[in-house]
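Subject: Structure handover

Hi,

Here is the structure for you to look through. Please open it first, then read my notes below.

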Amino acid sequence: MRAMQPLVLFDGDCGFCKRWVARWRGNTEGRVRFVRASGWLLKLLGIPKRDMTRAMQLVEPSGRRSSGAEAAFRMLVWSPHPGTRFAARLGLLPGLKQGAGLVYSLVARNRRRASRLDTWLFSRVTEPAQHRWVRWTFMRLLGGTFLIAFTSLGRQVLGLYGEKGIRPIREVANSERYAAQGRWRRPSVFWWDASDAALVKGCRVGQGLSLALLLNLAPRLSATALWGLYLSYVSLGREFLSFQWDVLLLEMGALGALTAPGGVRPGLGKRDVSALEVFLFRMLVFRLYFGSGISKFHSGDRTWRELSACDVYFETAPLPTRGGWAAHQLPRSLRHAGTAAVLVAETGVPFLTFGPRRVRQVAFGAFTALQAAIIATGNYGYFNVQSLALGLWLLDDAALRRVLPESLGRDTGAGPVRGPSLLGTAVSSVAAVPFLVLGTTELLRRMGWWPRGPARVVEAVDWLEDRALPLHSVNSYGLFAMMTVERPEITLEGSDDGEHWVAYPFRYKMSEVDRPPRQVAPHQPRLDWQMWFAALGSPPSWFLALLVRLLEGSPEVLDLFAANPFPDHPPRFVRAVLHDYRMTSREERQRTGAWWKREPRGLYVPPLTLTPGVLRSSGGPPLSWHV
């Protein structure tokens, strides 16, 4: 007998079998018939009853019969989803097929235990995993993150990058050295116009595009434009746009543009997300956390090896919160347990991102708890929002629909879902190749397994890396690989006579010992953050440029501070003083009201003044020492 469709015969009395048949039925979308085995049907098809008791049977239209794991793989080849067909063909390769057959036999002999394990790993959900809701929610969060980023940058852009800012972008745009390297090495719209008006307008356009993405207006076009515009700032922004969450936002934006549905108001999108696109997002989640974890081991940092990192982390974090101060008061044993938990979350849990549904949910819960702890104890801009948004890709639509309101389905145009088209799959596969190759290479390098392989392959990957590097769309991540054990802080002071000094108050950075730590995130105060880095070494070039702007009385730079101690005229002299800060104990806090205690460490930069009538090489008056 020949069937017009592939026919699967299964044990209708086995709950485990029925659950998997329900999953396969949804995955094959009517292209395969599933029938409970019966005596007369087995006789009609010429299938021995003993074969049916051992394994499921597949009869294809050609008359070919297969059983067990081979039958499952051959049946899934009929799926309309390209990713499923590809995985099924892999399972039919020699070696893999035999291994799958052994696993199938083991499960068949222990169905009751396998059923319990199946429920724990995959839950009782039998519908195929879909990710339209995940994509819809992620794109809204991506738009919100871009809105935060452009709004935060807009408040500082002139002070950082304007004509009278610390690091004018025009200097880079007019630099012969950067032009000689090739503008394609630093792609930016500001090569053509780096005026103050253009910098401000860019942030306003970014806010408008972010709102469009939030409102689901032309999401693919909006995400692509947001990625290109933010890349324009990062390419020429140097130190103040060099944080890991800046490049992470670009990588998320690039993947978002690849995954976003087309159209002006696509709702959830008529087609599901391809398996390859889902894998790229999960791979990014893995690289983000595992990169941070493995870098802590490779750094050889003593505090991580001894589990004492949290003894100093809360006190030395760039911009701690009141929660960080409270966590610093915890018993040492709890702080050491917290350090161990971080290492487990960043080195062990990431491997769960590629597991079954329930396992991924466990990973999602662990990562969410880690981000909640980071939010409570430190200010890391919009990094936590990004991380939580990425974590959604560990879930599927069945999980999200439990928490999203039912009315949202009507508002977003939920309807019958179709798998990715053949053309769409081909286009996304080609576009995903650089992300897949470079992401894999980055992981192999982290684990010390690269370069290996044929020389031509290594050369090809190096060529691809060189071309992709300016786009900042596949990056390395590794937060706090080396823990800072001290907290030096810089105080900027000005004077009219060189004897009486007045401090410039920062908006968010540590200064007065009785001022409580502030909750700043998701805003990213870039000068305050870079001051923390500057205190750890010798004065960087941008720091000297900052001193020049204070001596010039630049209004845009002064807006970065909480107040201007010289409102009538700029000071004649400026200097930088270094202090060592430590958090107070609970008893000291109750007794003195201070959150910090500090001790002077000397001058970071001695008193400086401007020498009139002489030009610097960069076009302004030079600094001279004041003794």
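E315 is buried, because its relative accessibility is 6% and buried means under 20% relative accessible area, exposed over 50%, and partly exposed in between (1.4 Å probe, protein chains only). The side chain of E315 meets that of R582 in a salt bridge (2.8 Å, N to O). The term stands for a side-chain nitrogen of Lys or Arg within 4 Å of a carboxyl oxygen of Asp or Glu. This pair links distant parts of the chain: E315 sits in helix α17 and R582 in strand β7 (residues 573–583), 267 residues apart. Helices (H or I, at least four residues) and strands (E, at least two) are DSSP runs, numbered from the N terminus. R582 is partly exposed, at 25% relative accessibility.

Keep in mind that this is a predicted model: local features need pLDDT of at least 70, side-chain atom pairs count only at pLDDT 80 or more, and totals for chains, interfaces and linings use all residues. Residues are numbered from 1 along each chain as its sequence is written, and side-chain values use heavy atoms, with hydrogens and water left out.

Back to the charges. The count comes to 32 salt bridges. D466 pairs with R185, with the closest N and O atoms 3.2 Å apart. D466 lies in helix α25 (residues 455–468) and R185 in the loop between α11 (176–181) and α12 (196–214), so this pair ties together parts 281 residues apart in sequence. D466 is partly exposed at 30% relative accessibility, and R185 is partly exposed at 25%.

Next, the strands. β1 (residues 7–10) points L7 and L9 one way, V8 and F10 the other, and all are buried. β1 runs parallel to β2 (residues 33–36), joined by four bridges. Strands pair if DSSP finds at least two bridges between them. L9 has V35 as its bridge partner in β2. With β3 (residues 57–59), β1 pairs in the antiparallel sense over three bridges. There, V59 is the bridge partner of L7.

Last, a pocket. It is an open set of points on a 1 Å grid over the protein atoms alone, where a 1.4 Å probe fits, with protein on both sides within 12 Å along at least five of seven lines; lining residues have an atom within 4 Å of a point. The second largest pocket has a volume of about 570 Å³, a volume being the space filled by probe spheres set on the points. Of its 29 lining residues, the closest to the centre are Y313, V342, L370, A373 and I374. Helix α17 (309–316) is among those that each supply at least two residues of this lining.

Best wishes
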